Amino acid sequence: MARGPWAVTGPWTPSQTPDALRKRYTRSLFFLAVLLFPLIGAMIWLGEHPFRVVENLFVFSNRVAGWVGISIPAWHLTVISAAMPLLFVLGLIQVAPIFMVWWEMKIAAHIQVRLGPMWVGRWHGVLQTVADGIKLLLKEDIVPIGADRVLHFLAPVVAVAPAFVCFAPIPFGRPGLTPVPLDTGVLLVMGFSGLSVIGLLMAGWGSNSKYSALGGLRAAAQAVSYEIPRVIALLPVVMWAGTLSLGGMVQAQSGMWHGVVPRWFLFYPVVGQISFIIYLIASIAETNRTPFDLAEAESELTSGFHTEYSGMKWAMFFMAEYAYMFLACALGAVLFLGGGAPLHPALSFLPSYFWFFGKTLFMVFLFIWIRWTYPRMRVDHLMEFCWKFLIPWGLFNVVLAGLFILMRSR
Amino acid sequence: MSVTNVLEILQKKVPEAVECQNLDVKFVRGTDPQIKVPSVRVGAVAGCLKEAGFDLLNFLTAVDYLKEERFELIYQFIKTSDPAFSVIVKTDLPRSGSPSLPSIVEFYAAADWQERETYDLFGITFVGHPNPRRILLWEGYPGWPLRKDYVHTLDKYDNGSEIGLP
Amino acid sequence: MSNDKNPISTVDQIPQTTPSFKGGVEPVGRVNETADSLINGPCFETKMERISDHEMLLNMGPQHPSTHGVLRVVLQLDGEVVTKAVPDLGYLHRGVEKLAEHRNYSQFIILTDRDDYLCAMLNNWAYCLAVEKLMKVEIPGRADYLRVISGELNRIASHLLFIGTFGIDIGAFTPFLYAFGREREMILDLFEQLCGARITYNYVRIGGVSNDLPDGWVEKAKSFIVHMRECLKEYDDLLSYNPIFMDRTKGVGVLSKEKAIAYGITGPNLRASGVNLDLRLQAPYGVYSKFSFDPVVRTNGDCWDRYMVRRDEIAQSCQILDQALGDLPAGDIMGKVPKANLRPPVGESYAQLEGARGWLGVYLVSDGTANPYRLHVRAPSFVNLAVLQETLTGWKVADVVAILGSIDIVLGEVDR
């Protein structure tokens, strides 16, 4: 069917009339349901067995060894089951950006009246990010003349490495599913995520380029400033739950208020909402996303602190951004949206990790949605917004939370 | 405001200003009033017109009349209160030597870049310009391209094939 | 001179034509760098000022995602604040005015397309007005109406592109795809049906226009205008009244009325500074006197006002188009003009019209032959850009992009 410009065929091409669009979207939703239904069914049926993979494998391999006549020492199990959660975290940080980048490209495209990746991977370009990753691996690694080679080399590493540590104390569902259960989980996450600023500064200075230097300085100033409202927004949660442990916070958010509203901190009157909003804004600023992405403002500084990076090093920065975004969303889900707690106890046949990932992905969607809607803030407005708006409101929020807790204890 | 009004106002300060006569019966001029002044008095003319309310310098350019051995510079002034009426001021410069005349940047900031462009393309020097440099071509470019007797000297941007070089 | 047979293999083989490059290039060391010296290399005539220790030179362009073409601006920065800005033009200089002297009058219309390639119809029209003034040609009514319709549609297209790219400069990526990728594509499709081209039209000819409207074009244009009005509301929701956008653009790059007039600024930039000057209303050309539309003027002269003036001008153009499409008379589309060997009488003329960026004028001197004797294009972007030197000082690097974007220049016109 000939599809010429709209002036030839009519105000809309036949596949773009509102009716046709409605039909297309319902058809896509139907396909999505068909795809997701077995997946969710499998999740419900398997429950938490995937997390017991190692144990089950060990039991099975013991049985096999019994048939064959070998015996496997028991300390293998302890070592592997200690390493498994960490390997899981490592794997998650590799895989999550692959999905998130694709998802971001699709969401951005649909917001912008276009389609996004469609070719690579047969169905709506699912393998686009994989292809991009392979391309980046094969790219030439360019180091500018006059760059400080050590700093230039180490900057991406320092930017990414803390992310791996930060994922350790997060409960991926119910408190038992934490890779490394810690009593001071929140403190560790906040502390280590601040280390990545050093990576940005190293990148900015080590590249021997004015654009990078400006970008690095801006990024450092922004990251350091916005850590404060982020932590201040978390204080009411800590005060209310009475513990710094993330598993404990998930525990405190289980159940319902009056049987109607889930006991998530988001639904705590006034304090929950203000905290969540401040946390959301501060996280967007920490992860250098629009409207706070002046560190990598393409139209002003070409690429900011990662102008002079190519190939895998640039991919590391990219991965760092998405890893920290995932971390911020996961933390937000755990602290404000109840972590592994279901929407309603009746829905608890769905395993807790389904709820955790669902809430995390919901927050990721919020991040992406905000990115493609708002323009960018100027650096002094950004600083002003942090110090003169977010922090006072955060502190007021803490005071309010304290008052509520005092009233509750009376 | 008509031509005679403008001429009167001008002639108070610059008595040498005259209305452009038709040099040729068949010469079709635009309908705007055109006044010819000697080149050295351009500054005074600009000042006078600015006081008279012509606050917008619309354009400033030059024409190279090779046969008559002169450059003719054209300035157009417009009143923002009545843009339909504009005044064109013309002045002649001899082609030989290094033609120069006073700059009117102090009265009209719009003349800044337009005078630089005229210098760049014709080689007319504007005395008193704060930034007398080429604007469109690079510093050190040989020659003044819009002159009728300009011959292009080959530089590293020509690959020469159009004139038969190997 | 190098080519495939004799590639230049050493530096000595490059012809040394410029005195300042003889004997090798003196390296511009960091100590003596100034914005001026960075422009022209070792420039012996310029006084070398020593910039202070805490200032930095930043070179924006010519390849840059945001300078709207090949414009180079050398900024002297004190931290984030600009202390001096020196624009460097000429990267797109193609010598259009010299080329005019070697082309026929009809051949030159194509070159006008490429001056301001975003509103090429208006460029064509300005040049044709100048030639027609000289030749005293009568334009048929339908041709004039078609010129107005295509000119206003092109103005809308140019302003849509401005909205999109200004949004990107400020950091909002999405309005670009709505304005540029949806509405402007519709206009370009209309033009493609009309004259076969999407950007450089060669449509307005001396004496009239080249093609008549195809069937159903008027209905499509009307449906587009209805759609455009709805989309303006969308842009307002998404961009114009967005608090972040307003923070970035309100109060930034204020251009006072007196400064604007002194610099010869015209068009939307001047109207944003409070001067109600629109050639279509005060000195109408073509059939503009038959249409009634409201002037668009704002008083503050900051970036937001310049943006809103252009956004409101889209609505104004829709108003004009409604009237023009409704009253379109039947008739010829070309006046009595010789098809070949066009020779205007000896003389000169100047004609200008209200372009999308300012007053676009053509000064034409004819000596009776088939080629113009002298042709000067009064390019609004060139004249408007001069104010950049003064306006940028005191603002931050982020504002440089906002201010440059809001002046809305097209490098084809600036450099010609």
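Trainee: What should I know about numbering and cut-offs before I start?

Mentor: Residues count from 1 along each chain as its sequence is written, while chains are lettered from A and ligands numbered from 1 in the order in which they are written. Since the model is predicted, local features need pLDDT of at least 70 and side-chain atom pairs count only at pLDDT 80 or more, whereas totals for chains, interfaces and linings use all residues.

Trainee: Which overall scores does the model have?

Mentor: The ipTM is 0.87 and the pTM is 0.85. For single residues there is pLDDT, the predictor's confidence in each residue, from 0 to 100. Chain C averages 83, and 86% of its residues score at least 70.

Trainee: Where in chain C does pLDDT stay under 50?

Mentor: Residues 1-35 of chain C do so, with 54 contacts beyond four places in sequence in the model; a contact means that two C-beta atoms, placed from the backbone, lie within 7 Å. The pLDDT is also below 50 over residues 37-50 of chain C, a stretch with 29 contacts beyond near neighbours in sequence. Where pLDDT is low, the predicted coordinates should not be read in detail.

Trainee: How does the radius of gyration of chain A agree with that of a compact globule?

Mentor: That radius is taken over C-alpha atoms, and the globule rule is 2.2 Å times the number of residues to the power 0.38. For 410 residues the rule gives a value near 22 Å, and chain A, at 24 Å, agrees with it. Its C-alpha trace spans about 65 × 60 × 50 Å along the principal axes. Chain A has 15 helices and two strands, where helices (H or I, at least four residues) and strands (E, at least two) are DSSP runs numbered from the N terminus.

Trainee: How is chain A divided into domains?

Mentor: Bounds come from an automatic or database domain assignment. Here they give domain 1 (19-72) and domain 2 (128-409) of chain A, with C-alpha centres 29 Å apart. Each of these two domains gives five residues to the contact.

Trainee: And how is chain C divided?

Mentor: Into domain 1 (11-88) and domain 2 (96-415), with 16 residues of domain 1 and 18 residues of domain 2 in the contact. On the domain 1 side, strand 2 (72-78) and strand 3 (81-88) of chain C are the elements that give two or more residues. Strand 3 of chain C has the largest share, seven residues.

Trainee: What is the strand order of the sheet in chain B?

Mentor: Two strands pair if DSSP finds at least two bridges between them. The open sheet of five strands has the order 1-2-5-4-3, with mixed pairing. Strand 1 (18-19) and strand 3 (56-65) of chain B each have a single partner strand, so one side of each lacks a neighbour in the sheet. Strand 1 of chain B runs antiparallel to strand 2 (residues 34-36) of chain B, joined by two bridges, and V18(B) stands opposite K36(B).

Trainee: Is V270(A) buried or exposed, and what is its phi?

Mentor: Most residues other than glycine have a negative phi. V270(A) has a positive one, near 60°, in the loop between strand 2 (261-262) and helix 11 (271-286) of chain A. On burial, the count is of other C-beta atoms within 10 Å: 20 or more is buried, 12 or fewer exposed, and in between partly exposed. V270(A) has 11 and is exposed.

Trainee: What about R416(C), buried or exposed?

Mentor: R416(C) counts as buried, with 26 C-beta neighbours inside 10 Å. Its phi is positive too, near 50°, and R416(C) lies in the segment after helix 16 (411-415) of chain C.
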